[in-house]
Amino acid sequence: MKKVVTPRWGWALTGSGHFFTECLDIIRSLDHVDLFVSRAAAEVIRMYKHRLEDMPDHVRVFKDTTASSVPVGGFYHSYYHTLIVAPATSNTVAKFVYGISDNLATNVFAQAGKCRVPTVVFACDTAPELETQAPDRKVMVYPRRIDLENTDKLKTFEGTQVAESLAALHEAVERRRRELSAREPIGNV
């Protein structure tokens with residue numbers, strides 16, 4: 001991994017299609033982003049007819065190809081000022097809540113927490129019924145009680161903010177941008 005002078009945004013994609021395209025748009029709007037793509041997210045990218053090759057040059061892409069999630073090492077070297085996990089499936093949220101780190105997305109979440117990197121999770125299952133975009137049409141989904149309970153448990157994690165809507169995700173990103181701009185500049189990558 002190339003030495004980083006300017007700390008970067010870390011962004012993990014999981015296997016959810018919930019506001020997937022909108023999340024990619026937010027990623028494109030940020031400077032200095034490392035995109036962590038789980039295997040499930042790689043499948044969703046294809047289903048929603050997107051290509052990682054279309055990401056801007058300031059976005060470095062790390063795919064889930066190693067058993068030990070090698071790219072998480074950057075968290076130990078202060079490469080990241082923020083981690084965003086968006087969108088986050090109910091499976092991913094459950095793994096976060098119970099401390100399971102078995103893929104790239106769950107590993108970066110665990111390492112961000114251990115390294116005290118502020119984290120925002122855009123959880124998909126936040127209400128008893130939701131409209132979401134499938135690859136070909138809008139659909140209604142009805143999260144299970146356990147999914148809603150896990151989202152509530154995640155809200156209690158130190159250093160972790162749960163965004164319950166696309167508007168809340170935008171707000172969290174903008175708030176973090178303001179916090180970072182108030183800091184003294186460090187340099188460029």
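## The β-α-β unit

Strand S2 (residues 33-37), helix H2 (residues 39-47) and S3 form a right-handed β-α-β unit, where right-handed means that, with the strands pointing away from the viewer, the path from the first strand over the helix to the second runs clockwise. Helices (H or I, at least four residues) and strands (E, at least two) are DSSP runs, numbered from the N terminus. S2 pairs with strand S3 (residues 59-63) in the parallel sense over five bridges, pairing being assigned if DSSP finds at least two bridges between two strands. Within this arrangement, valine 33 has valine 59 in S3 as its bridge partner.

The model is a predicted one, in which local features need pLDDT of at least 70 and side-chain atom pairs count only at pLDDT 80 or more, while totals for chains, interfaces and linings use all residues. Residues are numbered from 1 along each chain as its sequence is written, and side-chain values use heavy atoms, with hydrogens and water left out.

The buried residues of helix H3 (residues 90-97) are Thr92, Val93, Lys95, Phe96 and Val97, with buried meaning under 20% relative accessible area, exposed over 50% and partly exposed in between (1.4 Å probe, protein chains only). Their cover includes strand S4 (80-88), helix H4 (104-114), strand S5 (119-123) and helix H5 (145-154), as judged by contact, that is, heavy atoms within 4.5 Å. Glycine 99, which follows H3, has a positive phi near 75 degrees.

Across the whole structure, a search finds nine aromatic pairs, for which the rings of Phe, Tyr and Trp (its six-membered ring) must have centres within 6.5 Å; planes under 30 degrees apart count as stacked, over 60 as edge-to-face and the rest as tilted. Ring pairs join Phe36, Phe62, Phe75, Tyr79 and Tyr80 into a cluster.

## Glutamine 133

Glutamine 133 lies in strand S6 (residues 130-133) and counts as partly exposed because its relative accessibility is 32%. Leaving aside residues up to four places away in sequence, glutamine 133 touches Gly17, Tyr48 and Lys138. A polar atom of its side chain lies 3.3 Å from the backbone oxygen of arginine 137.

## Cysteines

A search of the whole structure finds zero disulfides, a disulfide being a pair of cysteine sulfur atoms within 2.5 Å. For cysteine 124, the closest cysteine sulfur is that of cysteine 23, at 8.0 Å, which is too far for a bond. Cysteine 124 is buried, at 8% relative accessible area, whereas cysteine 115 is partly exposed, at 28%.

Technical notes: Polar contact = N/O pair within 3.5 Å; in protein donor to acceptor, adjacent residues only side chain to side chain.
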